[in-house]
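Here are a few exercises to work through with the model open in your viewer. Try each one yourself before reading the solution.

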Amino acid sequence: MHWELEEIWRFPALELFVAIAVFFALNTPRSDITYTFSNFQLFIIEVILVAVFYARSVASCIEKREILVLLSNPIKRTSLFLSKFLTNLLIIFLICASVVVAGSYLMFLEPWDTKIFIGLLIVFINILFLSTLSFTLSLILKTTWGGTILPVIIYFGLAFGVPQNSDFPRVIPPTGSNVIFDYLTRTAYSQYTFEEFIVALVFPTIASIILLLVAFLYFRRMEID
Amino acid sequence: MNSLATTIETKNLTKSFGKIKALNELNLKDGGGVSGLVGPNGAGKTTTIHILMGFLKPDEGSATVFSLDSWKQSLEIRKKVGYLQENPRYPDTFTGLRFLEYIALLHEIPQPKQKAKEMMKQVGLADASQNAIKTYSAGMLQRLGLAQALIGEPELIILDEPTANLDPTGRIDLLNKIKTLHKDFQVKFLISTHILPELEKVCNWVSIIDKGSIVDQGYVKDLAVKYSSNTYRIETSNPQALLDSLKHQSFVDDVWLEENIIYARVKDTKSFREEVPRIVATKKMQLIELRPIHGNLEEIYTITMKEKNE
């Protein structure tokens, strides 16, 4: 994990992403808490950060064969898998969480206001889902460009392309474009019940766990040449 | 030799990439000392090594290192084996020292920084230890790879084209290092290379591989006896003309030309030794050299590959 952290720390684009995050936070309308904690701009930051970080850390590492150096030393594949996944997840979450914290400060919320923590939870769940998808695709595609672009296409496909389903209006919101990611926020802050909020949490969490398991099994059996 | 026990063994090892069969029932073993793995490009040397290191899973057959299954017990193998890959790539933003420090941590070496410094010094990179790896030349990267392979004090070191990017001094240093490690610390080596004269200086065992199969393998001295018996090497000013003449001689069993050198397997040594100078004189050629081959690795390789292709 130290290795991963140091690699990310030396990534020159990191400062740029932090600057973008702060810029978006400062330019977010402060009147609507739902908009602040799950706005489309933050979604874009999350998508780009996740796609770039995982493609660089995973796909590029395999493509450039750096992984051979790591795996020729006594390191368990499980440890390598977890360190790559968790380190990137942690860093991306810290960057996006800074947007939420900065937004709540600008909205004059109390530091211990539960809305902030719900906001952080929503951001975490979104990033977790995006990360597992990006991580899995990077492992399978093994190319930096593919690992960067395909997850972005899929994320936007999910955000804009999922058809509305009138049979499940409470699970998939009947209106709006950000059908998956926006819904979690709306259930948290709008007229929805606590049970519905839990259901909204469970969907991306289970999807993330399944994707992570798929990625793990794939990585354990993956051949590297 | 300190140990003659086989460390590496593959049995009917087969591996395909799509329709390409990289390894075809490969039965490899090493001599327990310094072993060479030689063969032309695409023969399957790197694929074999990658299977031994646990990067690739065999399609059929088995591969063991220290009697451990290369795929299922890869972690245990990597605790005992150091590996220098061909054209290695490292995290280029790290400094050489920092990179080695992390590798030392993976090997659970106490005082990893101290060990990393020691290794940088040993491979002649002490002055560049604080520089980013991206500023290293190809030769420096090779030295860093060697330090990485040695840092865990392995029992076996696998080197894939280790002298590829080294200058002559670096090559000599590496060969001396191999000799010292084997002699003083009983470290075993498997060296895959194209540069046979260099390999000959250090290895006692050689495995010749082509098209995914073993052509022949054994102790260099044994192979030398096997392939040099009645085989002669002739160098003349006009090799093609001599070759044409020898093809029709009854005392010659087989004759062929390799890079303007004639190789002849003879039936009747006495007649051969008398007739060749006579033919050369008749055709007004210059005889530069006529000698039986004595197990030069390059010559063994040439003969075995020729026999394989016939």
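**Exercise 1.** Work out how many helices and strands there are in chain A.

*Solution.* Start with the DSSP runs, numbered from the N terminus: H or I over at least four residues is a helix, E over at least two is a strand. Chain A then has 10 helices and zero strands. Read from the N terminus on, its elements go α-α-α-α-α-α-α-α-α-α. Next, burial: 36% of the 225 residues in chain A are buried (20 or more other C-beta atoms within 10 Å of the residue's own, with C-beta atoms placed from the backbone).

A note on the ground rules: this is a predicted model, so local features need pLDDT of at least 70 and side-chain atom pairs count only at pLDDT 80 or more, while totals for chains, interfaces and linings use all residues. Residues are numbered from 1 along each chain as its sequence is written, with chains lettered from A and ligands numbered from 1 in the order in which they are written.

**Exercise 2.** Find out how helix 3 and helix 4 of chain B pack.

*Solution.* Helix 3 (residues 96-106) and helix 4 (residues 112-122) of chain B come out at about 125°, axes 8 Å apart. That makes helix 3 of chain B oblique to helix 4 of chain B (under 35 degrees is roughly parallel, over 145 roughly antiparallel, 65 to 115 roughly perpendicular, the rest oblique). Then list the contacts, meaning C-beta atoms, placed from the backbone, within 7 Å. Helix 3 of chain B brings residues including B:L97, B:L100 and B:A104, and among those they meet in helix 4 of chain B are B:A116 and B:M120.

**Exercise 3.** Give the strand order of the open sheet in chain B.

*Solution.* The six strands run 6-7-8-3-9-10, with mixed pairing (two strands pair if DSSP finds at least two bridges between them). At the edges sit strand 6 (81-84) and strand 10 (213-219) of chain B, each pairing on one side only. Now look inside: strand 3 (residues 34-38) and strand 8 (residues 188-192) of chain B pair in the parallel sense over four bridges. In strand 8 of chain B, B:F189 is the bridge partner of B:V34.

**Exercise 4.** Count how many residues of chain A are in contact with chain B.

*Solution.* There are 17 residues of chain A in contact with 20 residues of chain B. Helix 5 (66-71) of chain A is one of the elements supplying at least two residues to chain A's side, and its four residues are the largest share.

Technical notes:
Axes are lines fitted to C-alpha atoms, for helices over the stretch in contact, and angles run from 0 to 180 degrees between N-to-C directions. Two residues are in contact if their C-beta atoms, placed from the backbone, lie within 7 Å. A residue is buried if 20 or more other C-beta atoms lie within 10 Å of its own, exposed if 12 or fewer, and partly exposed in between; C-beta atoms are placed from the backbone.
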